[in-house]
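Take a look at the structure below. This report covers the ligand site, a pocket and a sheet.

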Amino acid sequence: MKRILIANRGEIAVRIIRACREMGISPVAVYSDADQSSPFVALADAAYRIGPGPAAESYLCIDRIIDAARISGADGIHPGYGFLSENADFARACDRAGLAFIGPSGSAIRSLGDKSEAKRRMRAAGVPCVPGYLGGDQSQARLSEEARKLGYPLLVKAAAGGGGRGMRLVSSEGELMPGLDEASREAQSAFGDPRLLLEKYIQHPRHVEFQVFGDRHGDAIHLFERECSIQRRHQKIIEESPSPVMTPELRSRMAEAAVTAARAFSYSGAGTVEFLVEEQPDGSHSFYFLEVNTRLQVEHPVTEMRTGTDLVKLQIRVARGEPLPYCQDQVQASGHSIEARIYAEDPETGFLPSVGRLAHWKEPSGPGIRVDSGVEQGSEISPFYDPMLAKLIVHGEDRNEAIGRLEQALLQFEVLGVRTNIEYLIDIVRHPAFREGRTHTGFLEEHFSGWKPDTSIPAEVLLALAAEAVTRPSSRRDFATTDQSGDAFSPWKFGGTWRNAAS
Ligand code: ADP
């Protein structure tokens, strides 16, 4: 592979461009009108416009992306995550066009994208699954009969689901019919497939997933786990490895199940096998298979920081037909790593996306700190896409060191122009239950449902602090180097030791 087209945007496009460059591969970008001035467009060797802002008219248009790949002379396509990354038709379209799709086969994507089929095959392979109904008989009579057998509370899920859509919690028999109705309507409109499955609702589980990798020669390994229990509305916001609940015995049982799952589908490339972990009354832990994500995960840097691997390069090598470069025993993990997702959203309006121009953007840096971002000072944050601005990933010798480092790095992050969730993340990281590793998927609901940003500091003081931050000597250097105005009276040149201190 000499030229790879990246069918994605933002931080993941930047991340893939970096891996391509290090491998001597020429990276090509595609972009929508809303992304014309985004850093990833400038970083690529060539960039092709594929349509207007809305994803349905640009990043989801298979034909336009394949055309761009042909024109650019690319021989491979990396789909990133989201958009077309788990679309079997896209993988097949790449094959037909003679382009290497950097991901698993179209048939593995299709089978694993169907939660019912995936779970049926996992059961057959001996992987423990959440008890439930996966059958083809979707009549109301059959579903209510199965629900009665399963007991309440239960979860109704869209067989074709993802991103929490088509999922309903049903606490009692009276809620079942409305729950089935809503879930199948949502499933039909989001995925064009109304089929549902029923699952026992596990109380206070942890979300623990294993990074797996397969090659095209039948080999499969894992690269340890990540715990992603800190979720808001089923969306992960903090992920870490190792899981605070993990014991060597539990890890080896779960890892074996994950690798069995990958082998059951002759899986090639990067995949994530997701499980729920439930604490039993005697203190032991049971785990249940949830689903396989057939792509690079947003939180993959957590694994990279702990194992010293580069998962994007590994994806490219496997897609080139190379065997996995190491066997299971050669994969070593050390220390503790945590990721926090920085979103442009407004905590005061219930975390609605916050759009606008990034008037000031300064990322933290230091030993054990990595920031994967797709924005820079001056970037316009548009309403069209996921509002994630950056991922802050830290690594420390142990969990305590990693948490301390994350807290300090979050405090150092400077963002002006859009609202962010940084304050929220700081409060989570400082919470005693988080510090003690007492996490579960309802953690934020339990501890943060009434959370409000601290508005006790008057707006004028905040503005004064912001002004102080941007004129601080370290920032002033940044401004001075970018100050092309030639204005001899530019305040960035004359900041001196000026401070806007309250007296
Ligand atoms: P999606 O593919 O829509 O993201 P998943 O099946 O991966 O749906 O589940 C997403 C999240 O929903 C999990 O991380 C967990 O928090 C919760 N969840 C899913 N299934 C169950 C279950 N059976 N019991 C309790 N919580 C669940």
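## What counts as a polar contact

A polar contact is a pair of N or O atoms within 3.5 Å. The model shown here is predicted.

## Around the ligand

Which residues come nearest to the ligand? They are Lys 115, Lys 157, Gly 164, His 207 and Glu 291, out of 20 residues around the ligand.

Now apply the cut-off. The side chain of Glu 291 has an N or O atom 2.8 Å from an oxygen atom of the ligand. For His 207, a side-chain N or O atom also sits 2.8 Å from a ligand oxygen atom. Lys 157 places a polar side-chain atom 2.8 Å from an oxygen atom of the ligand. How much of the ligand does the protein bury? On its own, the ligand exposes 560 Å², and the protein buries 95% of that.

## Where the shell comes from

β7 (154-158) and β9 (196-200) each give at least two residues. Sorted by class, the shell has seven nonpolar, seven polar and six charged residues.

## The second largest pocket

Next, turn to a pocket. The second largest pocket has a volume of about 1200 Å³. Its lining counts 30 residues. Nearest its centre lie Val 415, Leu 416, Arg 419, Glu 423 and Leu 462.

Which element gives the largest share of this lining? It is α16, with eight residues. α16 spans 459-471. α12 (399-412), β23 (414-416) and α13 (422-430) each supply at least two residues of the lining as well. By class, the lining of this pocket has 19 nonpolar, four polar and seven charged residues.

## A five-stranded sheet

Strands of a sheet pair through backbone hydrogen bonds, and they can run parallel or antiparallel. Which way do the strands pair in this open sheet, parallel or antiparallel? The pairing is parallel, and the five strands follow the order β3-β2-β1-β4-β5.

Strand β4 covers residues 76-78, and two bridges join β4 to β5. These two strands run parallel. Gly 76 has Ala 100 of β5 as its bridge partner.

Notes: Residues are numbered from 1 along each chain as its sequence is written. This is a predicted model: local features need pLDDT of at least 70, side-chain atom pairs count only at pLDDT 80 or more; totals for chains, interfaces and linings use all residues. Side-chain values use heavy atoms; hydrogens and water are left out. A residue is near a molecule or strand if one of its heavy atoms lies within 4 Å of it. A polar contact is a pair of N or O atoms within 3.5 Å; within protein, one must be able to donate a hydrogen and the other to accept it, and residues adjacent in sequence count only if both atoms are side-chain atoms. Accessible areas come from the Shrake-Rupley method with a 1.4 Å probe; for residues, only the protein chains shown count as cover. Helices (H or I, at least four residues) and strands (E, at least two) are DSSP runs, numbered from the N terminus. Ala, Val, Leu, Ile, Met, Phe, Trp, Tyr, Cys and Pro count as nonpolar, Asp, Glu, Lys and Arg as charged, and the others, Gly among them, as polar. On a 1 Å grid over the protein atoms alone, a cavity is a set of points where a 1.4 Å probe fits but cannot get out, and a pocket is an open set with protein on both sides within 12 Å along at least five of seven lines; lining residues have an atom within 4 Å of a point. Grid points are joined across faces, edges and corners, and a volume is the space filled by probe spheres set on the points. Two strands pair if DSSP finds at least two bridges between them.
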